[in-house]
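Work through the exercises below with the sequence and the structure in view. Try each task before reading its solution.

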Amino acid sequence: MTRYTTAWHPTPVGDALLAFADDDLVALRLEHDERSHAIESLARLLQVVPDHDDRAGALVATQLDEYFAGERRAFDLRLDWRLARGFTLQALTAVTDIPYGETASYGEVAALAGKPRAARAVGTACRTTPFSLVVPVHRVVRSDGSIGEYGGHPEVKEYLLDLERTAGE
């Protein structure tokens, strides 16, 4: 039987809700609303109310801190992809290939995922990713080079892109 747990970790761009299925990360969501709403939403997705265990998030918390300090360019975590299926999974897998400090357009990601005409579907995949930060959807931009949205918080996307740009110098 799968054990679901959650933990919280503060970041410069909002509190990160970390969710685990056994020891694998099943979701990392940046939250800007009430924590109780975030837990309720996650419980609906998982179809179970997870236990809270701050110890569960220790490895992820360390890697997040390293990332925000400019010391980590890629996350080394076991991901449980149960919340991403079909083309969403393909698109998010393609996003993981965008190098640190670089960007790709929605159309470029669609082509990498095997469906060059599915740029809008890539946008949906990025918007609904279960893995904020870990799967770097913030590196996906519009074809005209503008950054676009990031869960209704474009300032967060801009912060992350600037962080990677300056850490890479």
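**Exercise 1.** Identify which residues in H3 meet residues in H5, and describe how the two helices pack.

*Solution.* 
Step 1. In this predicted model, helix H3 spans residues 86-95 and helix H5 spans residues 119-127.
Step 2. On the H3 side, the residues that meet H5 are Phe87, Thr88, Ala91, Leu92 and Val95. Their partners in H5 are Ala121, Val122, Ala125 and Cys126.
Step 3. Sort these residues by class: the contact of H3 with H5 has eight nonpolar residues, one polar residue and no charged residues.
Step 4. Now take the geometry. The axes of H3 and H5 are 9 Å apart, and the packing angle is about 80 degrees. Angles of 65 to 115 degrees count as roughly perpendicular, so H3 is roughly perpendicular to H5.

**Exercise 2.** State the order of the strands in the open sheet, and find which strands lie at its edges.

*Solution.* 
Step 1. The sheet has four strands, in the order E3-E2-E1-E4, and its pairing is mixed.
Step 2. An edge strand here pairs on one side only; this applies to E3 (24-31) and to E4 (51-52).
Step 3. Look at the E4 end of the order. E1 (residues 4-11) runs parallel to E4, and two bridges join them. Thr5 stands opposite Asp51 in E4.

**Exercise 3.** Describe how the protein chain is divided into domains, and how many residues of each are in contact.

*Solution.* 
Step 1. Domain 1 covers 4-69 and domain 2 covers 86-167.
Step 2. Taken over C-alpha atoms, the centres of domain 1 and domain 2 are separated by 21 Å.
Step 3. Count the contacts: twelve residues of domain 1 touch 14 residues of domain 2.
Step 4. Compare with the record. An unreviewed UniProt entry annotates residues 6-80 as "domain: Methylguanine DNA methyltransferase ribonuclease-like". Over residues 6-80, the chain is 31% helix and 32% strand, with 14 Å between the end C-alpha atoms.

Key: Residues numbered from 1 in each chain as written. Predicted model: local features only at pLDDT ≥ 70, side-chain atom pairs only at ≥ 80, totals over all residues. Heavy atoms only, no water. Pairing = 2+ DSSP bridges. UniProt positions renumbered as here; feature names shortened; annotations may be inferred. Axes fitted to C-alpha atoms, helices over the stretch in contact; angles between N-to-C directions. Parallel < 35°, antiparallel > 145°, perpendicular 65-115°, else oblique. Contact = heavy atoms within 4.5 Å. Nonpolar A, V, L, I, M, F, W, Y, C, P; charged D, E, K, R; others polar. Domains from an automatic or database assignment.
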